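Here is a short briefing on charged side-chain pairs. Have the sequence and the model open as you read.

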Amino acid sequence: FDELPIGIYRTTPDGRLLEANAALASILGYASVEELLPVSMVDLYVDPADRAHWRDRIERHDVVTDHEARKRRRDGSVVWLRDTARVVRDARGAVAYYEGAIIDITALMTADSILARTEERHRTLVEAIPDAMLRVRVDGLCIDATPGTLGVLPGAAALVALAVASVLLIFIAHAGLAMRKFPTHIRQYSTLRRHMKKMHHGDTN
């Protein structure tokens with residue numbers, strides 16, 4: 001129990017801790033289990049609605065899986081914790097206590113938040129670009145297209161989720177339209193199209 005690397009607890013329905021391990025005390029910023037035990041689990045929630053939601057789920061289903069909520073450590077700092085718990089009932093079927101496991105996912109949530117902000121900034125910049133531009137994954141899949149692309153190719157939104165090779169063929173197929181609306185550098189596609197035609201007819205010169 002105490003040697004497990006995740007926080008383990010048993011608590012009454014009103015939030016009084018019956019048991020906890022050293023990992024849980026450490027996650028919550030307490031020096032020892034003895035220091036943590038007098039603390040109400042209810043009071044740790046930053047948003048009381050999260051506790052109410054957790055309680056509703058566990059009483060409806062007798063189990064809660066991967067419930068994520070912000071909780072406050074002893075020093076007042078906030079951490080994101082993921083909680084999986086179950087109901088333990090007595091012989092009469094009444095709730096005896098809840099027992100569960102908690103892991104600290106603060107680093108993960110922070111990384112997700114940074115990524116979301118970065119994606120939003122990227123989206124804002126991309127939407128301001130007047131030219132046609134595609135964003136392609138390392139495996140060659142087109143995952144985004146600027147609004148400027150819509151002015152070049154009919155149905156350009158359909159380019160997303162296509163392999164980049166397929167996208168290039170679509171560009172080539174619409175080269176006549178693209179030549180009027182793309183910047184000068186799109187002329188390379190016209191050259192590529194002529195080269196492909198020569199290969200198709202067996203002309204390698």
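Which side chain meets Glu 59 in a salt bridge? The partner is Arg 55, with N to O at 2.5 Å. This is a predicted model, where local features need pLDDT of at least 70, side-chain atom pairs count only at pLDDT 80 or more, and totals for chains, interfaces and linings use all residues. Residues are numbered from 1 along each chain as its sequence is written, and side-chain values use heavy atoms, leaving out hydrogens and water.

**The overall count**
- A salt bridge here is a side-chain nitrogen of Lys or Arg within 4 Å of a carboxyl oxygen of Asp or Glu, and by this rule there are nine.
- Side chains of opposite charge can pair when their charged atoms come close.

- Glu 59 and Arg 55 both sit in helix H3 (residues 48-61), four residues apart, about one turn of the helix; helices are DSSP runs of H or I with at least four residues, strands are E runs of at least two, and both are numbered from the N terminus.
- Glu 59 is partly exposed at 42% relative accessibility, and Arg 55 is partly exposed at 29%; the term covers values between buried (under 20% relative accessible area) and exposed (over 50%), using a 1.4 Å probe and protein chains only.

**A link between distant parts**
- Arg 89 forms a salt bridge with Asp 62, their closest N and O atoms being 2.6 Å apart.
- This pair links distant parts of the chain, 27 residues apart: Arg 89 is in strand S4 (residues 78-89), and Asp 62 is in the loop between H3 and strand S3 (63-72).
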